[in-house]
Amino acid sequence: MKKGEVALVTIEPEYAFGSTVSRQELAVVPPNSTVNYEVDLVTIEKERELWDMNTEEKIEAAGKKKEEGNAKFKAGKYALASKRYEKAVKFIEYDTSFSEEEKKQAKALKVACNLKDVACKLKLKDYKQAEKLCTKVLELESTNVKALFVLVKAIPAMSVSFSNPSSSSSLLETIEGTL
């Protein structure tokens with residue numbers, strides 16, 4: 001869509017309100033109703049480019065992406081959460097122009113985002129990427145307990161437990177409880 005365009009969106013009952021009655025502010029939607037929405041695109045907000053931001057704005061943007069990732073993770077949308085965490089890290093990846101205080105903030109954000117991304121990768125069963133992210137965390141904090149735990153205990157055990165799905169799911173629950 002372009003700014004100013006109007007679209008008609010039709011939603012089938014199973015994706016709208018299903019077989020229940022929905023009482024809205026302006027109407028009551030009967031059960032098993034197809035819902036039609038008219039969507040008017042009023043504005044488009046484009047994210048600022050990384051090179052257009054100063055160091056403070058980069059840290060702020062990274063923090064916002066981390067929070068978006070946390071919300072997606074809580075909603076069970078692990079692939080989307082992972083993308084947000086990756087984007088957050090990109091904002092602060094190259095911190096050569098950061099002050100000492102900003103470098104500390106950036107490091108803390110990188111560690112937090114990478115660890116949350118590890119949790120996403122484990123949920124998505126992408127163990128190789130989880131291992132790579134743990135290595136990144138350990139490059140920043142060589143004694144990070146969570147990253148060490150996943151690398152030392154979880155990754156090798158996962159490759160062994162693939163033949164026994166029940167043991168791999170309990171292992172994943174233990175790991176995710178620590179992240």
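Modeller: A salt bridge here is a side-chain nitrogen of Lys or Arg within 4 Å of a carboxyl oxygen of Asp or Glu. Before going on, keep in mind that this is a predicted model, where local features need pLDDT of at least 70, side-chain atom pairs count only at pLDDT 80 or more, and totals for chains, interfaces and linings use all residues. Residues are numbered from 1 along each chain as its sequence is written, and side-chain values use heavy atoms, with hydrogens and water left out.

Helices are DSSP runs of H or I, at least four residues, numbered from the N terminus. Lys65 is buried, because its relative accessible area is 11%, while Glu68 counts as partly exposed at 32%. Buried means under 20% relative accessible area, exposed over 50%, and partly exposed in between (1.4 Å probe, protein chains only).

Glu68 also meets Arg84 in a salt bridge, at 3.2 Å from N to O. Arg84 lies in helix H2 and Glu68 in helix H1, so this pair ties together parts that are 16 residues apart in sequence. Arg84 has 22% relative accessibility, so this residue counts as partly exposed. By the salt-bridge rule, the count for the model comes to 8.

Note on methods
Helices (H or I, at least four residues) and strands (E, at least two) are DSSP runs, numbered from the N terminus.
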